[in-house]
Amino acid sequence: MRNVDVIVVGQGLAGTCLALELIRLSASVLVIDPAEPMTSSRIAAGLMTPVTGKRHVLAPDYFEWYAAAQQFYREFEKLASRQVLFLRDSLRAFQSPQERLEFEQNRMDLLPQLQGRLLEETDPLWGRVSAPYGGYLLPNVGQLDVAQFLDLAADLIARKAIRLVGQVDWSEVQFSEREVILPLEEVTARYVVACGGASDRLVPWFSHLGFLPAKGEILTLDNADWETESVIHGGIWIAPAPGRGLSVGSNYEWQQLDTIPTEAVRESILERMSRLIPDWNPQVLEHRAAVRPAMKDQRPVVGILPAQPRLAILNGLGSRGSLLAPWLSAQLAGLLIHAEPLDPRIKTPVS
Ligand SMILES: Cc1cc2nc3c(=O)[nH]c(=O)nc-3n(C[C@H](O)[C@H](O)[C@H](O)COP(=O)(O)OP(=O)(O)OC[C@H]3O[C@@H](n4cnc5c(N)ncnc54)[C@H](O)[C@@H]3O)c2cc1C
């Protein structure tokens, strides 16, 4: 039997950031993940959008999350000698005169906070983007190249810790007062942490935590005919997919929780895209789907289970995994290794 401080189950954004943070704290770590190609993290566009929804809401803790994320990914880049975080202009087109009016009446304070500015419909920055009601520009919005980050991190974890390819069967996991045992993997640890994304809702330990996963689909488009280094929002979003073209997405589907792309969503994304960029007819290179691990209250859940003190969870990152995973991972790693209390704003698991 091997013995480590922490077993991390799942190596999506949650498990990867947690494992790297634990390694940084000099903890011994074992990470196990089946290396499936179609996971939420694998297909994510990696946008760290500060403002969401038609009401243009800025999350109250955005600046704290973003500072933590930027520092985390920049430190990672030094270790990996590769860039994974890109800073983009984000152009957001209003969808109606009402949306613009409401923004001007209620949300103008966002612009100085985020160093942004209003864009009239004639602004040359729009290029081929149709923005009949204008919009606004936010500079330096983060975009993580998630797939590359996960691959580079997997190599780093394999060098600095233990990385297994496989699937943990939670019914086999044994707990005692002082340790957790994974008999099939022949490993014991002080803690095991579930970072299994949406599939954790099916694990009896976590089924009561209020999961509401949402399937999303994303297209990769050929950029031969139109290139942009900006992220464009307007009914849909279009973003650079480093080395692959452009990504376009997405949708939210709560019933069919699978990884099968559908013709209806493809058509709907392409139709919204053609309204945003009317004279662009790119080739679809790839069409993928995965299930976001979201919660009913849209708040992540992080911490040790009161009913099982050797078992913790980091989940419910929803649409914001790239932005949230570093800050939440630092919090959980501090709790597990140094018994530091979690920030009181974090939602912890209940029994
Ligand atoms: C179309 C789409 C676009 C998105 N775009 C963005 C975006 O632009 N910006 C952003 O921040 N977020 C985006 N997201 C959301 C983002 O993907 C999630 O917030 C994030 O990936 C969740 O990471 P996770 O590690 O919690 O879960 P996952 O990515 O689902 O990872 C869980 C991992 O655990 C593994 N696993 C599960 N069970 C076990 C087990 N029993 N044993 C071992 N391993 C296990 C899985 O195989 C998987 O590798 C997008 C999501 C989708 C679907």
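Strands (E, at least two residues) and helices (H or I, at least four residues) are DSSP runs numbered from the N terminus, and two strands pair if DSSP finds at least two bridges between them.

Residues are numbered from 1 along each chain, as its sequence is written. Because the model is predicted, local features need pLDDT of at least 70 and side-chain atom pairs count only at pLDDT 80 or more, while totals for chains, interfaces and linings use all residues.

Now for β12 (residues 214-221). Seven of its eight residues are buried, so the strand is largely enclosed by the rest of the structure. Buried means that 20 or more other C-beta atoms, placed from the backbone, lie within 10 Å of the residue's own; 12 or fewer makes a residue exposed, and anything in between is partly exposed. On one pairing, β12 runs antiparallel to β16 and is joined to it by eight bridges, with L219 opposite H287 of β16. β12 also pairs with β15 (residues 245-249), again antiparallel, over four bridges; there T220 has S247 as its bridge partner.

Elsewhere in the sheet, β13 (residues 231-233) and β14 (residues 237-241) run antiparallel and share two bridges, and H233 faces W237 of β14. Another antiparallel pair is β17 (residues 301-305) with β18 (residues 308-315), held by five bridges. V302 stands opposite L314 of β18, and a hairpin of two residues links β17 to β18.

Zooming out, the protein splits into domain 1 (2-43 + 147-209 + 297-338) and domain 2 (87-143 + 212-292), with bounds from an automatic or database domain assignment. Their C-alpha centres are 31 Å apart. Nine residues from domain 1 and eight residues from domain 2 make the contact, which requires C-beta atoms, placed from the backbone, within 7 Å.

Technical notes. Two residues are in contact if their C-beta atoms, placed from the backbone, lie within 7 Å.
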